[in-house]
Amino acid sequence: MKYISTKQAPQAVGPYSQAVIANGILYISGQIPFHPETNTLVSGNVKEQTQQVMENLKAILAEAGSAFSKVIKCSIFLKDMNDFAVVNEVYGDYFDSKHLPARETVEVSRLPKDVLVEISLIAVA
C-alpha cells in the first residue's frame with residue numbers, strides 16, 4: 001500500500017489518510033469543504049461547499065497521479081436531499097460525458113463540522 005498526502009487538500013484530522021493506493025486502486029477519504037490554504041471551512045451555500053470538496057478531491061487525485069477521468073465510484077453524503085440538484089450540477093462540471101463513475105447519494109442526519117456535503121471516491125491510480 002502507498003499512502004497519499006498533499007498540502008493542496010485538507011490534512012487528515014484523525015487516524016486516517018487522505019488516500020491510499022492498494023493494488024492499483026486509489027481510495028480517497030471523504031472530503032468536506034475545508035480550504036487547505038486558509039485552514040478554514042467554506043461556510044457558504046451548498047454550491048460553494050461542493051466546489052471546495054471537488055477541488056480537494058482533484059488535488060488528491062493529482063498527487064496520486066490520477067484524475068477525474070479515472071474515477072470508478074463516488075459516494076456523496078448530503079445534509080439535505082433538497083440540495084441534490086445543485087450538488088449534481090457542480091459535481092457534473094468535473095466529469096466529461098465519456099467518463100462517468102458509478103455513484104450513490106444519500107441524505108444523512110449530520111456531517112463532520114455540520115457541513116452540507118461530503119464526498120469520497122475510488123479511482124484507478
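Residues are numbered from 1 along each chain as its sequence is written. Because the model is predicted, local features need pLDDT of at least 70 and side-chain atom pairs count only at pLDDT 80 or more, while totals for chains, interfaces and linings use all residues, and side-chain values use heavy atoms, with hydrogens and water left out.

Strand β8 runs antiparallel to β3, to which five bridges join it, and antiparallel to β6, with seven bridges; strands pair if DSSP finds at least two bridges between them. Isoleucine 25 stands opposite valine 124 of β8, and serine 75 stands opposite serine 120 of β8. Six of the eight residues of β8 are buried, so the strand is largely enclosed by the rest of the structure. Here buried means under 20% relative accessible area, exposed over 50%, and partly exposed in between, with a 1.4 Å probe and protein chains only. Helices (H or I, at least four residues) and strands (E, at least two) are DSSP runs, numbered from the N terminus.

## The nonpolar core

The largest nonpolar core has 28 residues, of which Leu26, Phe68 and Leu121 touch the most other members. Such a core is a set of buried Ala, Val, Leu, Ile, Met, Phe, Trp, Tyr and Cys residues joined through side-chain atoms within 4.5 Å. Two or more residues each come from β2 (19-22), β3 (25-31), α1 (46-63), β6 (71-78), α2 (84-92) and β8 (117-124), and the largest share, seven residues, is given by α1.

## Helix α1

Helix α1 has 18 residues and reaches 26 Å from its first C-alpha to its last, close to the 26 Å expected at 1.5 Å a residue, where the expected span is 1.5 Å times one less than the number of residues. Its buried residues include Val46, Val53, Leu57, Ile60 and Leu61, and also the polar Gln49, Gln52 and Asn56.

At the N-terminal end, asparagine 45 caps α1 through a side-chain oxygen that lies 3.0 Å from the backbone nitrogen of lysine 47. After the helix comes glycine 65, whose phi is positive, near 80°.

## Aromatic pairs

A search of the whole structure finds three aromatic pairs, a pair being rings of Phe, Tyr and Trp (its six-membered ring) with centres within 6.5 Å, counted as stacked with planes under 30 degrees apart, edge-to-face over 60 and tilted for the rest. Phenylalanine 68 and phenylalanine 95 form an edge-to-face pair, 5.2 Å centre to centre with 75° between the planes. This pair links distant parts of the chain, 27 residues apart, with phenylalanine 68 in the loop between α1 and β6 and phenylalanine 95 in the loop between α2 and β7. Phenylalanine 68 is buried, with a relative accessible area of 9%, and phenylalanine 95 is buried, with a relative accessible area of 9%.

## Glutamine 18

Glutamine 18 lies in the loop between β1 (2-4) and β2 and, at 4% relative accessibility, counts as buried. A polar atom of the glutamine 18 side chain lies 2.6 Å from the backbone nitrogen of threonine 6. Leaving aside neighbours within four places in sequence, the contacts of glutamine 18 include Ile4, Ala9, Pro10, Tyr27 and Ile60.

Technical notes: Polar contact = N/O pair within 3.5 Å; in protein donor to acceptor, adjacent residues only side chain to side chain. Contact = heavy atoms within 4.5 Å.
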